[in-house]
Amino acid sequence: MSIPDYMQCAEDHQTVLVVVRPVGIVPEDQFFRIYKRIASVAQVSIQDSQRNLYIRYRHHYLPENNEWGDFQTHRKVVGLISVTTCGSAKEWPQTSDRFHSQKDVFGATLYDSRLLVFGLQGEIAEQQRTDVAFYSSYDDCPDVEKRVEDFVESIFIVLESKRLDRATDKSGDKIPLLCVPFEKKDFVGLDTDSRHYKKRCQGRMRKHVGDLCLQAGMLQDALVHYHMAVELLRSVNDFLWLGAALEGLCSASVIFHYPGGTAGKAAGRKPSLAQGQGQEADAGKRHRPGALTANGISADTSSEIGRAKNCLSPEDIIEKYKEAISYYGKYKNAGVIELEACVKAVRVLAIQKRAMEASEFLQNAVYINLGQLSEEEKIQRYSILSELYHLIGFHRKSAFFKRVAAMQCVAPTIPEPGWRACYKLLLETLPGYSLCLDPKDFSKGTQLDVPLLCVKTVPYTVRLSLQLYIINKTHTQAQTSVSVRSVLSKRLNNIALP
């Protein structure tokens, strides 16, 4: 893997990954309109079961990331939903071939797939098929969400089958050795009959079964398998997979302790008791492992694990994250995994309000080498670091990384510099230095101990504002320039302006 997912959080480990992609020429606005409706089905309560399946959707996913699916199953693409426009029966054979070609990209890991066809009418559209849905137009598709729910239930059936198959594996010494892509060449010629090799196979498979249990909504079983995997992998010094088992243990414990999630403020809100009583029909869809239903009865037997030794305490979660990250750091090819683990730990620490420890994880993330990054990837990385520092209350540090991202937008190596993006990001850095653009917001004679970086940032913002005004002849940039000069004249008397 070369590109990290900076939006990852601990609870993503319990999700299954579904890719939604256009087939052929599909209007972008129409595609994302349908994508938004598909993505709204993020949680499905399985019939005849007290479990839920959580789904994570992506409209772009690199096939190379899919190769790490055995290492962490939430990275494996298990579902594909294709969206296409087909105007006539003559176009249908070509459309069908494109759909099958798209399936081949992720074919090794797919559990199921669906094709949504818009615009086709006639005999073909009247055929009843489970894998294809026909709609006359993008405006006339009332049952998209229902079809997605049925699709998710079919994924659960395959997932449960695989979980039972792996969990009850009686092959003994014939357990296959799961590998990440860069390991395969290292195991050529090893003695497969040695006790060390067999333990390695057992430990990795235990960890894999723990992932499947977590995705299938069996939190308590997942914790048991993760603990067993940790013991087996630690005994053979299989550090990469030991780190993955520890991270899985952390994720399962986070899901139990923080049922509202760690992704952001909105995710942390819980429905009130009144809401729960008034919407009992939807209680199953809102349920997170460990939460109580409206009648006070747990919908998941794993709610009892709070008193068991299998679930980590909030403090132990962070210690295990540190240990896992230290193991990832031993492998240069695991930089993306290490970086994402740091981000997940920071989000947990933000919930726990432990800002100083979170800053240590972020400081480690800054120095993780991911090889050659494109300018766009650098901008994204610095922007996310800025957001995470802001999340833990380090506003000046957040402004620093936002400024770095802004400078990256106009780097000399970029053929077409993004001046507007640079200007926008620079304006967003000013609050981090306790500066504002409105002279009315501060009193006369107020003095401020401004750091050297701010001394460099503010004049550059003014110069960039003037440059945009000269290029675009827009009045707003000129107004901003005047406002910044007004601020500087009152608060930064010693700065030489352009």
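Q: How do β2 and β3 pair, parallel or antiparallel?
A: Strand β2 (residues 43-45) and β3 pair in the antiparallel sense, over 3 bridges. Two strands count as paired if DSSP finds at least two bridges between them. Strands (E, at least two residues) and helices (H or I, at least four) are DSSP runs, numbered from the N terminus.

Q: What kind of model is this, and how is it numbered?
A: The model is predicted: local features need pLDDT of at least 70, side-chain atom pairs count only at pLDDT 80 or more, and totals for chains, interfaces and linings use all residues. Residues are numbered from 1 along each chain as its sequence is written, and side-chain values use heavy atoms, with hydrogens and water left out.

Q: Back to the hairpin. What is in the turn?
A: There are 6 residues between β2 and β3, and Asp-48 in the turn has a positive phi of about 60°. On the strands, Ser-45 stands opposite Asn-52, and Val-44 stands opposite Leu-53.

Q: Which other strand joins β3?
A: Strand β1 (residues 15-23), which runs parallel to β3 and is joined to it by 5 bridges. Val-18 stands opposite Tyr-57 in that pairing.

Q: Is β3 mostly covered or mostly open?
A: Mostly covered: 6 of the 7 residues in β3 (residues 52-58) are buried. Buried means under 20% relative accessible area, exposed over 50%, and partly exposed in between, with a 1.4 Å probe and protein chains only.

Q: What is the strand order in the whole sheet?
A: The order is β2-β3-β1-β4-β5-β6, an open sheet of 6 strands with mixed pairing. β2 and β6 (132-135) are at the edges with a single partner strand each, so one side of each has no neighbour in the sheet. The twist averages 25° from one strand to the next.

Q: Which helix lies across it?
A: Helix α4 (residues 144-167) lies across β1, β2, β3, β4 (77-85), β5 (112-118) and β6, at about 110° to β3. Axes are lines fitted to C-alpha atoms, for helices over the stretch in contact, and angles run from 0 to 180 degrees between N-to-C directions.

Q: How long is α7, and how buried?
A: α7 (residues 239-257) has 19 residues and reaches 27 Å from its first C-alpha to its last, close to the 27 Å expected at 1.5 Å a residue. That expected span is 1.5 Å times one less than the number of residues. In α7, 17 of the 19 residues are buried.

Q: What does Leu-240 touch?
A: Not counting residues up to four places away in sequence, Leu-240 touches Phe-71, Val-180, Phe-182, Glu-183, Tyr-328, Tyr-331 and Ala-334. Contact means heavy atoms within 4.5 Å.

Q: How many disulfides are there?
A: The count is 0, taking a disulfide as a pair of cysteine sulfur atoms within 2.5 Å. For Cys-201, the nearest cysteine sulfur is that of Cys-179, 8.2 Å away. Cys-201 is buried at 3% relative accessibility.
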